[in-house]
Amino acid sequence: MKSRCIAALALLTALALAGCSGAHDEIVIKFSHVVTPDTPKGMAAERFRQLAEARTGGRVKVRVYPNSQLYKDKEELEALQLGAVQMLAPSLAKIGALGVREFEAFDLPYLFDSYASLHKVTDGPLGRRLLARLESRGIRGLAFWDNGFKDFSANRPLRTPADFKGLKMRIQGSTVLEEQMRALGAQPQVIAFSEAYPALAAGVVDGTENPPSNLYTQNMHRVQRHLTRSQHGYLGYVVIVNKKFWDALPRDVRTILEGAMRDATAYANRIAKDENDKDLALIRASGLTVVHEPTPAERAALRRALLPVHATMADYIGRDVLDALYRETGFTAGR
């Protein structure tokens with residue numbers, strides 16, 4: 001039923017666009033995402049809207065729909081491919097559902113130890129190679145946007161790998177993240193981001209993983225008594241557009257939008273760390289969540305428990321991609 005509704009909406013959108021044949025008719029870009037406007041992604045989407053509209057003199061209108069107003073996690077990619085929306089910024093893990101498994105490499109634990117090592121990939125040839133893989137799915141990849149590094153949370157302290165045993169942990173859809181939770185003895189539960197807070201509040205799941213900005217802006221800290229600053233993995237986004245829509249844009253408009261996206265991306269990646277630091281401070285100040293900074297020994301134990309996920313997932317992701325990532329980041333399992 002949902003697929004039929006999306007298809008009907010896409011048809012109406014196509015008919016509306018077909019009637020706009022003039023060179024200077026208004027171009028509407030529906031930009032849907034699943035987080036709140038005050039997250040790094042939400043702020044970056046708004047920055048892109050401002051730049052796109054200003055630089056095209058209002059010829060382009062970007063309508064941003066945050067916080068799953070239009071679609072949930074599993075629905076938005078289908079909506080984009082059908083043309084019901086034109087632009088998304090899904091988390092990198094979601095691209096695996098399109099059959100482009102290489103993007104799930106970003107979910108591997110401890111792959112990146114800093115934003116600098118991450119940006120060697122996302123700003124370099126390997127990042128462009130990954131974006132190009134989306135073309136065959138009817139999608140044009142425009143940019144990578146940072147959110148931040150993830151922490152584990154639950155309603156009991158998480159100081160050692162043994163503390164995860166038996167916990168039902170909410171994750172986004174990702175084969176790599178499922179294996180990560182199993183490596184800790186936890187039970188992975190795939191739940192849409194918009195449904196994470198209700199699931200935590202109701203006790204359907206015991207814990208989750210998120211950068212502080214997602215945890216705080218979704219009020220998950222109100223129903224998670226403990227947060228461990230594990231920084232074990234990265235959460236980022238890929239900005240994508242419907243390829244047919246993008247290719248049909250007038251060349252001058254497309255050039256302007258590409259420039260607006262470059263500047264919005266620089267903004268997104270500049271604010272990501274600051275926003276997470278700010279929201280972590282707000283979590284601490286709330287008094288609702290105990291924030292634990294792992295000792296060096298605790299970090300080492302968690303890392304030892306999670307590193308085998310790399311070997312387990314190598315064939316799934318593609319060894320050539322992993323080797324390229326390791327070369328760019330300097331990652332070694334023994335580090």
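Buried means under 20% relative accessible area, exposed over 50%, and partly exposed in between (1.4 Å probe, protein chains only). This is a predicted model: local features need pLDDT of at least 70, side-chain atom pairs count only at pLDDT 80 or more, and totals for chains, interfaces and linings use all residues. Residues are numbered from 1 along each chain as its sequence is written, and side-chain values use heavy atoms, leaving out hydrogens and water.

View A. Helices (H or I, at least four residues) and strands (E, at least two) are DSSP runs, numbered from the N terminus. Contact here means heavy atoms within 4.5 Å.

**View B. Pro294, in the loop between E11 and H11**. Pro294 is buried, with a relative accessible area of 14%. Leaving aside residues up to four places away in sequence, Pro294 touches Thr228, Arg229 and Arg299.

**View C. Ile95 in the largest nonpolar core**. Such a core is a set of buried Ala, Val, Leu, Ile, Met, Phe, Trp, Tyr and Cys residues joined through side-chain atoms within 4.5 Å. Helix H12 (residues 308-317) gives the largest share, five residues. Beyond four places in sequence, Ile95 touches Leu77, Pro90, Val100, Phe103, Leu134, Val238 and Ile240.
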